[in-house]
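Here are my notes on this model, as numbered points. Please read them beside the coordinates.

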Amino acid sequence: MSEHHHDHDHDHSELSETELRVRALETILTEKGYVEPAALDAIIQAYETRIGPHNGARVVAKAWTDPAFKQALLEDGSKAIGTLGHVSRVGDHLVVLENTPVRHNMVVCTLCSCYPWEMLGLPPVWYKAAPYRSRAVKDPRGVLADFDVTLPKDMEIRVWDSTAETRFLVLPMRPEGTEGWSEEQLAELVTRDSMIGTGFAKTPGAPS
Amino acid sequence: MNGVHDMGGMDGFGKVEAEPNEPVFHAEWESRVLAMVRAMGAAGAFNIDTSRFYRETIPPHVYLSSSYYKKWFLGLEEMLIEKGYLTRDEVAAGHAMQPAKALKHGKLALADVERTMVRGKFARPAPALAKFNIGDRVRAKNIHPATHTRLPRYVRGHVGVIELNHGCHVFPDSAAMELGENPQWLYTVVFEGSDLWGADGDPTSKVSIDAFEPYLDPA
């Protein structure tokens, strides 16, 4: 957090201490036979290489081009995504929230950091940090302003606080000027933030 | 518990600052912490609700000044000590000194990693009929348990409307304390922003939580 920049030297030494403590814990867990380091490596590799916002982007692009899929997705997100073999497997109770010209959806977890990992990968730091978690439910337009996002004044804004094991994925509006685009082309326009509800999908030709 | 983790509606934390091109991890140790939590959870050393409760019990000043993965580390270490998987002496020494405690599901093997990449299942058979229907008005109870709960403070005492019924799920308030799964109906309940925040709220905003039936009274 920026207000802590003056503590930089302190943070740095604390980081080293943390690193030592983490290594010690892994050593103990390994020696006691609780974890297999190769399994830990594989978990990390999955999040670094395979599981990320591109998974959600494919789902969104398909919903933009296939009305039957979109309807199925809005009815039961987990079930509909389960029919797409090429996308990362998804757990139960994924709820897909459609943004429309009259309603903008935005997702937060005020109590911790619940996030649709299988669709978006690991959450960014800001999603897990106090400024977003505290303000999203009270001042959603102020939070959106921090992302340079402005909504029409009378648009309904709906904030979904992820307080249980349901997970939420925003289906952003399809940008104009993309008629006839393929799913692959459209997926390139779908940003992570647009699927959290703190951004829009990219507009063709606009600087990103 | 009424801890600092329950942040909804608090002021003073400043602007949301997104980091452009943020890496998946900011240091290698963060990735090891994530993987240890996932592996020990899959091995049955703890359930997800217990792990959340241990993060919530980190002292407030430490919670607020620690990074996300630092909190995960602190919660993990303390939980494993308290559940008898390690001792404080072992942590101080940095090596195993005591025999291992059996893991409920056994060590997570490399071959089983793929299975853990999908979230666990939390739906359970219903022990009773649902008390509420879609469209019902409900009041979030004014409860303040000192233990784990998923009812945020900012909705307590407020009236909302049932919008979705997600079926019966493991009840975190019970599971976190290792008192069994105690399945309960889970609903999405929608509140008007102006009801939650009064004149300081945005009249175009609505906020929903997912609330377990024991959190709700008819209104």
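1. Start with helix 2 and helix 4 of chain B. From helix 2 of chain B, B:Thr50, B:Ser51, B:Tyr54 and B:Arg55 meet B:Lys71, B:Trp72, B:Gly75, B:Glu78 and B:Met79 of helix 4 of chain B. Contact here requires C-beta atoms, placed from the backbone, within 7 Å. Helices (H or I, at least four residues) and strands (E, at least two) are DSSP runs, numbered from the N terminus.

2. By class, this contact of helix 2 with helix 4 of chain B has three nonpolar, three polar and three charged residues. Ala, Val, Leu, Ile, Met, Phe, Trp, Tyr, Cys and Pro count as nonpolar; Asp, Glu, Lys and Arg as charged; the others, Gly among them, as polar.

3. The axes of these two helices of chain B, helix 2 and helix 4, come within 8 Å and cross at roughly 110°. Helix 2 of chain B is therefore roughly perpendicular to helix 4 of chain B. Axes are lines fitted to C-alpha atoms over the stretch in contact, with angles from 0 to 180 degrees between N-to-C directions; 65 to 115 degrees counts as roughly perpendicular.

4. This is a predicted model: local features need pLDDT of at least 70, side-chain atom pairs 80 or more, while totals for chains, interfaces and linings use all residues. Residues are numbered from 1 along each chain as its sequence is written, with chains lettered from A and ligands numbered from 1 in written order.

5. Between the chains, 68 residues of chain B and 70 residues of chain A take part in the contact. Helix 1 of chain B gives the largest share of chain B's side, nine residues. That side divides into 37 nonpolar, 12 polar and 19 charged residues.

6. Strand 3 (residues 156-161) of chain A runs parallel to strand 4 of chain B, joined by five bridges. Pairing takes at least two DSSP bridges. A:Arg158 has B:Lys206 as its bridge partner in strand 4 of chain B.

Definitions and conventions
Two residues are in contact if their C-beta atoms, placed from the backbone, lie within 7 Å. Angles under 35 degrees count as roughly parallel, over 145 as roughly antiparallel, 65 to 115 as roughly perpendicular and the rest as oblique.
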